[in-house]
Amino acid sequence: MIRTMFRHIRRSPYQALAAISTLTLTVLVASIFIITSFGAEKILLFFEQKPQVTAFLTDKIQKEEIESLKKEIQDTGKIANIKYISKEEALEIYKKQNKNDPLLLEMVTASILPASLEVSTRNLNDLKEIHDLLKTKKIIEEVVYQKDIVENLSSWINNLRVAGLIFTGVLLLNSLLTILTIIAFKIAQRKGEVEILFLLGATKWQARMPFILEGGVYGFISSLFSIGLIISILINIGPFLAVFLAGTGIFPLMLSDYLSLMAISLFVGLFIGLFGSFMAVIRYL
Amino acid sequence: MIRWENITKKYKNGTVALDSVNLTVEGSGFVFLVGPTGSGKTTLLRLVIRDILPSEGKLFIDDTEITKMRKGKIPQIRRKMGFIFQDLKLLSDRSVWENVILPLEILGKKKGEIEEKGNEVLKTVGIIKKINCYPVQLSGGELQRAAIARALISEPEIILADEPTADLDPKISLEIMEILEKINKNGTTIIMATHNEKIVEKMKKRVIRIEDGKIIKDQKEGKYD
């Protein structure tokens, strides 16, 4: 059966090439879509977990006033985290962020930086209420919050997901139809052989199986090509992305991330190959 | 035992290939089907492997009515038979060896058994040296032998042979007949359609003459005419 399947592939190399190249493209795009979705999700999580409202405090504020404000905010029951950043801590953060630019570090002291409260809510929708509450307080000089960033990012990711799904879906369908057509053509080409097999007592599935396996082999080879391509892309652009997306926790990718990607690619490739050829044999054999 | 019961076969173009045929071939029998081209010999054989269905009548193998058999069960019946087709039906992109062992692969036999039986049957039909050749590299007689080897390899209960000596010279034809006779003595039923008068006369087996789809003669140790 396996020998017959390889004979089928060997006898029409151009069809095999067409099937493998189309499938490789689909698996590659599906992999890129999955990586992008996974990365975007992590970026969104990163922003969601960042302090979402930052309240800069006036210079003359007392410790008791800060504690009382923290308690009042905490009592709303909508707070995930609340953190006080003193002037000294603010200076440390500033220094860390600008360590490569000594010019920006000159003349800056703790006294000119404001202390602040960094507040994150459990739910993004509660952000405005907390923002409005903080605004009413006289001990607060300015309130900055990232609702727009998170909302825009969230909407951008959703759009990306929909576009990616549609694009991958179209490619998936295209690949399925390509495999179906190629296998159907092969069945027609080997009609005589199939007829002889039946006359010699082969069951339907004995005649069908080499064609189904052929689709599976196309899927498997395409997955391997796609995995090779995606891994070499990740290795090459990984260091750049690691700097660009520093702090999001996406890079460097773990071994488990690579293994998951391989498993998904193999599944997608094998699914298209086997399902496409299965449809062809059910329809034409 | 194979029993054709009131079998009529009309093709779509209106040709009546068989007309109310009643015939019984007992187990271990050796029967020649003779008659002019187009008389219905091949149709009679094709009905047995359920390649075609009769327009009327019933066909039994032992007690099983194969004309009523579900499609999914047909392979079971075909696996009990070896068929030597008139056009041989060898696969052109497979070697002699691959063609001959095909029935054993279909039966799911193990590699060791396939090797043993394959070599044995190819020796029997005398083309062991052509094992790696492809059909296009063989002479007419060698092709015929390969087809015979394929029909014999699974040691079937019934062998249906449609003109198996058509392209063979008299000497090789007789050799082939000796092989078939030997197999028949071991209990295999053989039904052979032929135009080879000399063989029919020499073998002294049951001869059934068909003309225009009707059995016109059925003799126990018959002659060609």
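How much area is buried between chain B and chain A, and what share of that area do carbon and sulfur atoms give?

Analyst: This is a predicted model, in which local features need pLDDT of at least 70 and side-chain atom pairs count only at pLDDT 80 or more, while totals for chains, interfaces and linings use all residues. Residues are numbered from 1 along each chain as its sequence is written, chains are lettered from A and ligands numbered from 1 in the order in which they are written, and side-chain values use heavy atoms, with hydrogens and water left out.

The size of an interface is often given as the accessible area lost when the parts come together. Between chain B and chain A the buried area (the accessible area, with a 1.4 Å probe, that two parts lose on being put together, summed over both) is about 1,600 Å², and carbon and sulfur atoms give 56% of it. Three residues, D93(B), R94(B) and I106(B), supply 33% of the area that chain B buries against chain A, which is more than any other three residues supply. In terms of contact, which means heavy atoms within 4.5 Å, 17 residues of chain B meet 16 residues of chain A.

The charged pairs come next. The rule finds 3 salt bridges across the interface of chain B and chain A, a salt bridge being a side-chain nitrogen of Lys or Arg within 4 Å of a carboxyl oxygen of Asp or Glu. K89(B) forms a salt bridge with E195(A), and their closest N and O atoms are 3.6 Å apart.

On the side of chain B that touches chain A, the elements that give two or more residues are helix 2 (74–78) and helix 4 (102–106) of chain B, and helix 4 of chain B gives the most, with 3 residues. Helices here are DSSP runs of H or I with at least four residues, numbered from the N terminus. By class, this side of chain B has 8 nonpolar, no polar and 9 charged residues, where Ala, Val, Leu, Ile, Met, Phe, Trp, Tyr, Cys and Pro count as nonpolar, Asp, Glu, Lys and Arg as charged, and the others, Gly among them, as polar.
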